[in-house]
Amino acid sequence: MKKFIVLHWSELSQGIGIGIGFFNFYVLYYSWNVSWEISFAIAFVLGFYASKALRHYVGKEFNIHEAEKISKVVEEFEEQ
């Protein structure tokens, strides 16, 4: 399951970013009575940055796991 989540993380991080944006819009517009233009702009920017941050973090983790796999395969090949 972990491999599936890591491989498809770009779609998941975008979905999480969109969710954060909608939540921010709801809080700003309905709860704090900020105009919808300002609420939308703030929510869009925060959702975008959340998506980029999640993709960056998981991208590093995925690259580390891929490098470990490659080095393991190389070591096994050298042993033969």
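Which residues make a nonpolar surface patch of about 1000 Å²? The legends below take up the chain and then this patch.

Figure 1. The chain has 3 helices and 0 strands, in the order α-α-α from the N terminus. Helices (H or I, at least four residues) and strands (E, at least two) are DSSP runs, numbered from the N terminus. Residues are numbered from 1 along each chain as its sequence is written, and side-chain values use heavy atoms, without hydrogens and water. In this predicted model, local features need pLDDT of at least 70 and side-chain atom pairs pLDDT 80 or more, whereas totals for chains, interfaces and linings use all residues.

Figure 2. Of the 80 residues, 16% are buried (under 20% relative accessible area; exposed is over 50%, partly exposed in between; 1.4 Å probe, protein chains only). Among contacts (heavy atoms within 4.5 Å) with a separation of 6 or more, 56% join residues 24 or more positions apart.

**Figure 3. The nonpolar patch.** Y26, Y29, Y30, W36, F40, F44, V45, F48 and Y49 make the patch. Helices α2 (9–31) and α3 (36–79) each give two or more residues to the nonpolar patch, and α3 gives the most, with 6 residues. Patch residues have over 30% relative accessible area and no salt bridge; nonpolar side chains (Val, Leu, Ile, Met, Phe, Trp, Tyr) are joined within 5 Å, like charges within 9 Å. A salt bridge is a side-chain nitrogen of Lys or Arg within 4 Å of a carboxyl oxygen of Asp or Glu.

**Figure 4. F44 in helix α3.** F44 counts as exposed because its relative accessibility is 53%. F44 is one of the residues of the nonpolar patch.

Methods
Areas by Shrake-Rupley, 256 points an atom, 1.4 Å probe, with all protein chains shown as cover.
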